[in-house]
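Subject: Model handover and notes

Hello,

Here is the structure for you to look at. My notes follow below it.

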Amino acid sequence: MSTPRSRRSPLPLIAATAALLLPLAACSSSSGSGASGDAQRLRVVMAFPPAQAMSPYGDDAVTLSRLAVIEGLTSLDKNGTAKPALAASWKQDNPTTWTFTLRDAVFQDGAKVDADAVVRSLTAASKASPLPRVLSDTTLKATDAGARTVRIVTEEADPLLPQRLANPSLTILSAGAYKNGKVNPAGHASGPFTLTGVKGAVSATLERNADYWGGKAKAPGVDVTFAADGTARANALRTKTVDIAEYVPIAQASLLGDSYVHEFPSARTNGLSLNTAHGVFADPAMRAAAREGIDSKALADGVYEGRADTAQGLLGPGIPWAAEKRATPGGRSPAASRAEVARTKEITLATYTNRPELPEVATLVQQQLEKRGFTVKQVVRDYAQMEADALAGKYDAFIQARNTLLDTADPVSYLASDFTCDGSFNISQLCDEQVDAAVGRAASLTGTDARHNAEMTAEAAVLVADALVPLVHERFIQGYDDARVEGVALDPMERTLITADTHVG
C-alpha cells in the first residue's frame with residue numbers, strides 16, 4: 001500500500017517555517033516577569049488560532065484551558081471523574097439541586113473568588129449567543145447560598161453536573177471580565193498563567209499568576225504562537241525555536257525522532273457514518289457489507305504509519321475503562337453478497353480537509369468499499385462547507401474524527417447526540433428504539449460504574465445497527481524535547497497541555 005510522498009517529505013517547508021519564526025522571534029524578545037528571566041519562559045506553538053477573540057463561549061475556551069489561563073468549579077482526572085478546582089467540595093441535595101463550597105482563592109486582578117462571581121459567570125454563559133454546546137441539553141440556575149457557597153439547580157436531574165462544570169466554556173471570571181456586552185478573560189481568570197496580550201491570530205503572551213491558589217507556576221511566562229501548518233510547527237520544534245509544539249502531524253513524527261515525540265491515546269474515534277434513513281445504506285444488509293469491507297489495520301498501518309489504534313468499538317483506548325466493560329454486539333444483520341452490492345447505485349463518500357489524514361483515509365476506504373462491490377464517489381471539502389449537508393443526510397457515508405468524550409467528559413452525551421432519534425449531531429440519521437432506550441438508561445444512572453456499564457450496552461446497540469463503522473482510534477502527538485521540558489500534560493480529553501508544573505529544565 002503506497003503513501004503519498006507529500007506526507008513524507010524529509011525537507012522543511014522553508015516558507016512555512018519562515019512565516020512561523022518571525023512572530024516567534026518577536027515573542028521571545030518580550031520581557032518576562034519571572035525572576036529567572038526570559039531564558040526560562042516557555043515557547044509554545046499551537047495549532048488553532050483564536051477564532052472568537054478568546055471568548056470563553058466557543059472553541060477558544062479550549063485554547064485558554066490548554067494554556068492554564070482559565071478554571072471552572074471542577075476539573076477532570078484521566079478517567080473523566082470530577083475533582084475540585086475553584087470548588088473545594090460539593091454535594092447533591094436532591095436529583096436537581098447541588099451545593100458547591102468554594103475554596104479561598106483570588107482572580108488574577110485581585111478580586112475574590114466568591115459566590116457572586118460564580119453566579120455571574122454561569123448566568124452569563126447560560127445567556128450567551130450562541131449558547132455553549134455544553135449547555136445545549138440542559139439548563140442550570142446558580143444562586144448565592146451563603147459564605148463561599150453556591151447552589152445550582154437544573155431543570156431535570158443531571159448526574160453529570162460536576163463533570164459538566166469542568167467544561168472550559170463554564171469558566172469562572174471576575175466582574176472585570178464583563179463589560180459592554182463582551183467577555184474578556186485577559187487578566188480576569190484564576191489559572192496559574194495570566195493572559196496579558198493577544199495579537200490577532202498570530203501570537204499571545206502569558207505571565208505567571210503570582211497569587212495562584214495552587215502555588216506559583218514554575219515558568220515565569222509563556223510566549224505562544226499560532227500556526228495552522230503542521231509542518232511549520234514540527235520545523236519550529238526541530239530548530240529549537242519553540243519548546244513545545246502542539247499536535248505534531250503523523251508525517252513529521254518519524255522525522256523528529258523519539259525524544260521529541262510524545263504519543264498517547266486520545267478520545268477520538270475516526271468512524272464511517274452510514275446513512276441509515278436514505279439511499280443504499282437504508283438497507284441493513286448493505287451497511288453490514290460496508291462494515292465487512294473495512295480493514296482497520298490497513299488504515300492504521302498505511303495512513304497513520306502505525307500511530308493509531310485499530311478499531312475496537314465506538315470508544316477507544318483513550319477511555320481506559322471501556323475495554324473491560326465492552327459488550328459483544330449480537331444479532332447483527334447478515335451482509336449482502338458482493339453480487340448484490342454491485343447492483344446498487346453509486347454511493348457518495350464524504351470527508352473534510354481540516355484534519356490532514358482524513359482525505360487519505362477516504363481514499364483507502366473508497367478502495368476497500370470498491371473491493372467489496374460498491375461504486376464510490378468522493379466529496380472532500382472544508383468542514384464548514386459540509387456540516388449542514390452531513391447533518392441533513394445528503395451523503396451516503398461520512399468519515400469524521402469524533403471526540404467521544406465531548407462536553408461532559410462522559411460518552412453518554414456523545415451517544416445521545418450522535419445516535420438517538422432526537423440527537424443534534426445524528427449524521428447517520430439513526431432512529432432505533434433499542435438504541436434510544438439503551439442511551440436513555442445510561443443517561444439516567446447516577447453511579448459511575450453502573451452508567452459506564454450501560455454506556456457499553458448502548459455502544460453495542462449502535463454497532464448492531466451498523467450506524468457507524470469504527471475505522472481507527474487516533475493517538476495525539478505532542479512535541480517537546482523530554483531532556484529539556486518537564487510537566488507537559490498529555491490529556492486524551494484535549495483540555496490540558498500547559499500546567500503550573502510545566503517548565504524548561
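Where is methionine 54 found? Methionine 54 lies in the loop between strand S1 (42-46) and helix H2 (60-66). Its phi is near 65°, a positive value in a residue other than glycine. Methionine 54 is buried, with a relative accessible area of 3%. Buried means under 20% relative accessible area, exposed over 50%, and partly exposed in between, with a 1.4 Å probe and protein chains only.

Some ground rules before the rest. This is a predicted model, where local features need pLDDT of at least 70, side-chain atom pairs count only at pLDDT 80 or more, and totals for chains, interfaces and linings use all residues. Residues are numbered from 1 along each chain as its sequence is written, and side-chain values use heavy atoms, with hydrogens and water left out. Helices (H or I, at least four residues) and strands (E, at least two) are DSSP runs, numbered from the N terminus.

The four-stranded sheet

Four strands make an open sheet in the order S4-S5-S7-S6, with antiparallel pairing. Strand S4 (87-94) and strand S6 (140-144) are at the edges, each with a single partner strand, so one side of each has no neighbour in the sheet. From one strand to the next, the twist averages 25°. Two strands pair if DSSP finds at least two bridges between them.

S4 and S5 pair in the antiparallel sense over six bridges. They form a hairpin with two residues between them. Lysine 91 stands opposite threonine 99 in S5.

On to the next pair. Strand S5 (residues 97-102) is joined to strand S7 (residues 149-154) by five bridges, and the two run antiparallel. Threonine 99 has arginine 151 as its bridge partner in S7. Threonine 97 stands opposite valine 153 in S7. S5 is mostly covered, with five of its six residues buried.

Helix H3 (residues 115-127) packs on the sheet and touches S5, S6 and S7. The direction of H3 makes about 160° with that of S6. Contact means heavy atoms within 4.5 Å. Axes are lines fitted to C-alpha atoms, for helices over the stretch in contact, and angles run from 0 to 180 degrees between N-to-C directions.

Two loop residues to check

A cis peptide bond joins serine 129 and proline 130, with omega about 0°. Proline 130 is in the loop between H3 and S6.

Serine 174 sits in the loop between helix H4 (161-164) and strand S8 (178-179). It counts as buried, at 1% relative accessibility. Leaving out residues up to four places away in sequence, serine 174 touches Phe107, Asp109, Ala111, Arg120 and His188.

The helix pair

Helix H13 (residues 411-419) and helix H14 (residues 433-444) pack at an angle of about 155°, with their axes 9 Å apart. That makes H13 roughly antiparallel to H14. Angles under 35 degrees count as roughly parallel, over 145 as roughly antiparallel, 65 to 115 as roughly perpendicular and the rest as oblique.

On the H13 side, the contact is made by Val412, Leu415, Ala416 and Phe419. H14 supplies Val435, Asp436, Val439, Ala442 and Ala443. By class, the contact has eight nonpolar, no polar and one charged residues. Ala, Val, Leu, Ile, Met, Phe, Trp, Tyr, Cys and Pro count as nonpolar, Asp, Glu, Lys and Arg as charged, and the others, Gly among them, as polar.

Eight of the nine residues of H13 are buried, so H13 is largely enclosed by the rest of the structure. The cover over its buried residues includes strand S18 (397-403), H14, helix H15 (448-465) and strand S19 (468-480).

In the loop between H13 and H14 is glutamine 429. Its phi is near 60°, a positive value in a residue other than glycine.

Strand S18

How many of the residues of S18 are buried? Seven of its seven residues are. Ala397, Ile399, Ala401 and Asn403 are on one side, and Phe398, Gln400 and Arg402 are on the other.

Strand S14 (residues 261-274) runs antiparallel to S18, joined by seven bridges. Leucine 272 stands opposite isoleucine 399 in S18. Strand S16 (residues 347-352) pairs with S18 in the parallel sense over two bridges. Here leucine 349 stands opposite alanine 397.

Best wishes
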